[in-house]
Each structure stands twice: as C-alpha cells, then as structure tokens.
Amino acid sequence: MEGVSEVLNLFLSLDNFMAIGIGVLIGVVVGAIPGLTATMAVALALPFTFSLEPVTAILLLVGIYKGGMYGGSITAILIHTPGSPAAACTLLDGYPLTLQGKAKKALQMALYASCIADVLSNLALILFASYLAKIALNFGPPEFFWLICFSLTIIVSIAGESAIKGLIAASLGVIVASIGMDVVYGSQRLTFDNYNLMDRVSFVPLLIGLFAVPEVIDFYLKKAAPHVRAASSGLGLTLKELRASLKTIVRGSLIGVIIGAIPGTGATAASFISYSEAKRRSPNRQNFGKGELEGVAAAESGNNGVAGATLIPLLSLGIPGDVITAIILGAFMIHGLTPGPVLFQENLTLIYALFCGIMLSSAVLLFVGHGVIRYFSLVADIPKAILLPIVLMFCVYGAFAVNNSVFDIGLMLFFGVVGYLFNRTGFATAPFLLGFILGPMFEDNLRRTLLIGRGDPAIFFRGPITWLFVALTALSLFFAVRRYWQERIAARPDAAPRAHPGTGDSGR
Amino acid sequence: MPLTLKRALRVLLLGAALPLVSTVHAADWPTDTVRLIVPYAPGGTTDVLSRKVADLLQQQIGTVVVENRPGAGSTMATGQLARGGRGSDHTILMASPGHTIGPVLYDNLPYDPVKDFRFIRNVIEIPNVMVVPASSPYDSVQAFVEAAKTKEMTFSSSGVGSSIHMSGELFKTMTGTQMTHVPFRGSGEALPALLSGDVDVSFDNMPAVLSHIKSGKLKALAVTSREPSPYLPGVEPLSKIGADLGLGDFVTTAWFGLIADDSMPEEAVETLQAALDKVMEDQSFKDFIAQIGGEAASQEGDDFRDYVAQDVQRWQHVAGQAELQ
C-alpha cells in the first residue's frame, strides 16, 4: 500500500501532466511537418529537461516521441508527404482517400488506430517487459536475417500493378542503399570519391524527395487538373468503419510490439509488415493502395505499436532500439539513472510512476490529436497553387535541416525527379523505399551471421526463432506466387476489358 | 550619376567596416552566438556530453547553440570546420576518437587532424572495458588469450573504425591471436549479441556496459585505461595484468575534447579555456562525468595537440597491421 502511495506521490504532479501535454502537442506538430522529425524535437528538448525532475523529463520526451509517431501521418494523408519515415506506409491509402474527399475519415482512422495501438503497446511494456526483453536478447544476427527475409517478401504485396516492376524498384532501392562505407571492411562503395556520399545516402531527403516532390512536379506539368475540394467539411469516421478495422488495428499493434521490442528494426518496417498482412487478409484486397481505410489503420497501428515497445529493451536491458530511445537513454543518464535491470531493483517507484505517465500519454494523444486534426484538415482546402510552393519550401528546409547539409537538398530534388519518373512509368515508389531500408539490414545481418558462424551456414538454422521465420518466409512467398498466378489466370479470359495498360507483364 | 555615387559610397563603407569587424573579434570574444558542433547523431555519448557542456558554458560566455552534423564517422562535420569561413571564429567542435581514426579510414580527407585545428581542451576520458558474456568460460585475460591461440574468437564493435573496433584490432596485433571482427551499427545493436554470447568478447565503452557488469550479465576482464577505474573496483588495467602477454603498452581510452578551426583568435581560445576550467569545477558536471563512467581530462592547448597527434599515430599503426582501408 505504501508503495502505491509513493508512486502516486511521484506521478501526480502538475509538472508531469504539463510535460505530457506539451510533449505530445510538440510531437504531433513537429511530426506533421516534413523534415522536422520527432528525433530532432526530442534532441532539441533534451537540454530543457536538465532542470526538470527525472520522471517529468522522461515523460516530456516520451510524449514528443508518441506525438511524433502519429503526427507524421497527418501530412502523409493530406499532401502526400510523410512527416516522418514511418508514415510512408500511411500515405499509400491515406492520400487517395484525401483525393476522394475523405481526408477527415482518414485522419480520424489514423488517430484512433494510433491511440489503440499505443495503449496496447503500453500494456505490453508494463505487463510483459521482462518476457519480451528475453526474446530481444535471443534475436541474434541469424534471427534478424530471417526476419528481414520475411519482411522482404511483402514487397510483392505493395508492388502496385506489377509484381515485376515492384521487384525492380526494390532492387534499385537496395543499390542506392549500398552507396557509402562497407560495414565490415570500411571501404567505399559507389561513392565516386564524393565526400558527401561516404557515409550513406541520407534517409530523410530521399523520403521527402520520393513522395512529396513528384506531386509538385505533376501539378505544374498539368496545371489544368481540377482542384479536388476535399475535406475539412468531409464526413467523419463512423463507428461501423472503425469496428470493421478493429481486428486489423489489434493485429498491427501486436506486430508493432514485437518489432519494437527487438532493437534495431524500427517503426517503418513494422508499418509495412502490418499493412501487407492486412492486405493479404482483407476481402477488399483490390482496393488497397487506392484509398482503403483499413490500409491507413494497418499502417498507423503498426508504427504506433512500436512506440511503447521500444521502451522495453531500453528500460529492462538498457539497450536503445533506435535514435529516439538513445536520446531518452541519455536523459536517464543525465539524471543519474541507468536503465537496465538495476533500475528495476533500485528505482521501482520511479518506473511505476513512468508507466502511469506513459499510459496517460495515450489518452492525451487522443485528445490533442482531435484538436489538431480540426485545424490541419483545413490544409486540404488550400488551393494547390498556393499549397504546393509552401510544401516545396518545407521540403527544401527539411532536407537541409537533418544534417545541415546543402548537398542533401540536391539529393532530395534528385529523388524527386526519380519519384516522378517512377510514377510516370508505373513503378511503385513504396518497394523502392522498402528496398532502401531493408537492403542494408539484410546485408549486415547476412555478413554478421557468417562472421559469427565462422562461415558455417548451419548457424542460419540454429534455433526455434530461425525455424519460425524460415517457415513464415516460405509461406509468404508461396502465397504471393500463388496469388500472382491466380490473378494472371483470372485476368486472361477477359483481359481486354478489365486490365490497366500496365497489367500483365507478358509483353514486357 | 547617383547610381555610381551610391556604389562608390557602399564600397567605401564596406572597406571601412572590414578592419573594424576583425578588431572587434580580437578585443572582446564572443561577439556572437557560439556554435558547438556535435559530429554525431543526437543521443550518443558525444551528444549528451556536448549538451551538458554547452549548458554550463552558456552561464559564462553567453548563448551556446548545439548543432548535430552527423556523417562519415565525424569527418564530415570536421571537414566543414576545417574549411573555416564565416562564423568559424565562433564555432567549436566536440572531437572524439573518430577524429583520430577518421584519417586512417578515409584516405582523401580534406584536412589534417593535427595541423588544421586549434586544440582548446580535452574534457573527459572514458576507458573501454574488455567484457565477455556471463556464460563465457574465460574468467581472466590469460585464459582468454590462451584459448584464442587455438580457437578463432569473435569480437563485436559499434562499427568499423570505432574506438571499440580499433581496440580489438590492437589486442589482436599485440597478442598475436586471430579474432574476427563482427561490426554492428551502434552500441545499442551490438550489445544483445554480446549479452547472449553470439560474440566472444568486446572492448566496449564503459558507459554502455557498466550496468550489465553490475547486474552480472557481463564479466569485466580488464579496463583499457592506464589506471584502474573507480567505477569498477577490482578490475585491473590490461596493461598491468596482460604485461607478460605482450599487452604492456595497451592503453586505449575514448576522449572527448573541444577543438576549433585554426582561424580562431588566441583570445577566444583563452576565454574558452578559462570558461571550461570553471565547467570542470562545477559539481553537477562532476556528477555527470561519474554517471557516464568517465574521468576528467586535463590537457589544454599544445598538450592536447600532442595527445591527439599520438593517438593518430597509434591508430595508423594498428590499421597498417590490420590491413584496414
């Protein structure tokens, strides 16, 4: 009983509530602006937390993190510009919904999916932290390798109209990702002695260029296109629609939790895996990518499911799973606390006070999100001739701001043109992005596994987790190939009336 | 006519203002916001340390802004600093082993890590710790080296060219053992593989492994500093317990110190050194150093320059032996 009152004592202070409120609000707004990522906001907020109480400090940062996870979806849905990397998947269905005048529905679905996933993720953190941390520790390079293999199979399901083109796009993504320093030998690959490429191609400029810039180019090339009046006036989400996606949201959250608990995979992969699972199971499979609410729900639940779970390896093992949790680890250390098993023994009250705050942050996210949507959805009403130059300005700033590098602006514009050419030639950009993200992880873990196993391939099948992912990979490939053939056979007799110009690769 | 007059006036004004600017700088520094460049992404030891230092410096010399410029293992930001230009007399950079290892890894760096900079002060040093998983059969450096002569061991690091990696390479060459380097991207990714026993050993930075040593998940065989660390009582320096294994000269510490472009005026360097002296005295800073398992460093100016030059030489030697690059 005494413990409970101590926890409440620590948690129930005005400072904590303000920290969560302000944190989430900053996170949502910053997350929504392309190029300004939650990572930057957390880093910038860190010095302000020096003078705060430890619980308040951490809750402020966690609030920004959670808000940022959701905020990225807003601009992804409204202007085809993912505010954060993890929102790249949300835009696949979110933006088409905006074009159909259903922006409000999409925004609300993203918010509810995010909040539900957030709560589930927090519960996983609170109830199963020690158990999930064990899984994380058993995830060595071979297990990682198969997880990435499994993730790569989903390229087929986001490939758009042609699986072959999807694979080509993904391969191009892998090639671009291999630019820079070789991870094992430190030698330079494909850098052409250009100093700016020595590390690797930066992610945010590529992301912004790939998605936002093609919209701008497209608009100016065919100026006559009518402005779609979308949105703020559009209908909101009905309870029925939310209920229809509930299963997807729960599944997406669980995928997020598992991915989040494993250090180093990240929210972007989680949202794509969740999306592809939802697509595979949905009766409306054909409608995915053309404005399906369930797609938005899947993507957002996947990436917000990660948010609570990444704190699992951080709190229970002291291992940060991504950059943001690394900064939060820094905040712990500045306040004289070292996350890990010792923290649970020595500062249990503090941990429980944190848990209270983290649970509260999900509720605050719902509240703040509602307010923010109301204003942000007005963006959809702005005529494109005014909106797009502003978008382009943010793109330039965003590309520059990540590394304070002018080269990155050029990179962003280059990938903008690449994205535009992709769109014109019927190549989907999502597989390119996924190849770019997963390619290096695949290579790293393949090489690490071989190094650890001293060249013996038996290590690839060393335990139950690898067997599970081998089976999942094989099944996923099998279903994808089977569906591909079924669709081709189905398309054959009435090929002429139904097919898009690009369907069926027979002639290519 | 009025146009040319205006232009002439402008040129005159500009010419008059130029010497003024430079004298102002020399007389009273800082005249502008000081920028502290962190050549790594937010969140790492360098970042957290820099923000703490900036916070304390600010109380003495006015606004200090921290800027993260990650890329190419810190050489990107360092290259920009060395280029000088506008504002370079108000820009300082938190250098770390990346500064001395970079020239070994990248053969076409546009700067010299020693000649092109002003060395303000080394701030802290953090020893590395030779750690093995709790499940490891080796309880001493001797046992480990003996085993490593018959069996090929693996060692993990936070990335190729990190001080952790180079320490491993140094260990290899000094003991004449064969070990395979398994690189990860950052300490966060590397730790699970060490904790679970996927790799045999690591020479990780103290802050990353301290709590795991205390909780018994990792065994510390030795520290890589010259003296034992107060945070790991009972763990001897590698140079002492490994002396008869050929490790007598094995000292690698991660250091973090402030440098600036060589165009920074002497007055500025002195102002900064005086301010840093006060930072080092600050109790909250002392607590902070203890928290991350580091120790206060003392080298200033030329001493710091010599220290860095030595470090460059050492890594060049190690890289030559390990056939890196």
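Helix axes here are lines fitted to C-alpha atoms over the stretch in contact, and the angle between two of them runs from 0 to 180 degrees, taken between N-to-C directions. With that in hand, take helix 6 of chain A and helix 10 (residues 239-261) of chain A: they pack at an angle of about 35 degrees, with axes 7 Å apart. Keep in mind that this is a predicted model.

**Where chain A meets chain B**

- Chain A brings 48 residues to the contact, and chain B brings 51 residues.
- Put together, the two chains bury about 4200 Å², and 61% of that is on carbon and sulfur atoms.
- On the chain A side, the residues that lose the most area to chain B are A:Y195, A:R448 and A:R454, which together make up 16% of what that side buries.
- Polar contact links 6 residue pairs across the interface, counting pairs with both residues at pLDDT 80 or more.
- Several helices of chain A each supply at least two residues to the side that touches chain B: helix 6 (103-137), helix 14 (323-334), helix 15 (341-346), helix 17 (384-403) and helix 19 (429-452).
- Helix 14 of chain A gives the most to that side, with 6 residues.
- Sorted by class, the side of chain A that touches chain B has 30 nonpolar, 10 polar and 8 charged residues.

**Helix 6 against helix 10 in chain A**

- This crossing is right-handed.
- From helix 6 of chain A, the residues in contact include A:K105, A:M109, A:Y112 and A:A113, while those from helix 10 of chain A include A:E241, A:L242 and A:S245.
- By class, this contact has 15 nonpolar, 3 polar and 2 charged residues.

**Helix 6 against helix 12 in chain B**

- Over in chain B, helix 6 (residues 163-175) and helix 12 (residues 301-322) pack at about 65 degrees, with their axes 9 Å apart.
- The crossing of these two chain B helices is left-handed.
- Helix 6 of chain B makes the contact with B:M166, B:S167, B:E169, B:L170 and B:T173, and helix 12 of chain B with B:R314, B:W315, B:V318, B:A319, B:Q321 and B:A322.
- Those residues split into 6 nonpolar, 3 polar and 2 charged.

**Salt bridges**

- Searching the whole structure turns up 23 salt bridges over all chains.
- Between chain A and chain B the count is 3 salt bridges.
- In one salt bridge, the side chains of B:D198 and A:R462 meet at 2.6 Å, N to O.
- Within chain A, A:K66 forms a salt bridge with A:D118, with the closest N and O atoms 3.4 Å apart.
- A:K66 sits in helix 4 (residues 54-79) of chain A and A:D118 in helix 6 of chain A, so this pair ties together parts that are 52 residues apart in sequence.

Conventions
Residues are numbered from 1 along each chain as its sequence is written. Chains are lettered from A and ligands numbered from 1 in the order in which they are written. This is a predicted model: local features need pLDDT of at least 70, side-chain atom pairs count only at pLDDT 80 or more; totals for chains, interfaces and linings use all residues. Side-chain values use heavy atoms; hydrogens and water are left out. Contact means heavy atoms within 4.5 Å. Buried area is the accessible area (1.4 Å probe) that two parts lose on being put together, summed over both. A salt bridge is a side-chain nitrogen of Lys or Arg within 4 Å of a carboxyl oxygen of Asp or Glu. A polar contact is a pair of N or O atoms within 3.5 Å; within protein, one must be able to donate a hydrogen and the other to accept it, and residues adjacent in sequence count only if both atoms are side-chain atoms. Helices (H or I, at least four residues) and strands (E, at least two) are DSSP runs, numbered from the N terminus. Ala, Val, Leu, Ile, Met, Phe, Trp, Tyr, Cys and Pro count as nonpolar, Asp, Glu, Lys and Arg as charged, and the others, Gly among them, as polar. A crossing is left-handed if the near helix is turned anticlockwise from the far one by less than a right angle, and right-handed if clockwise.
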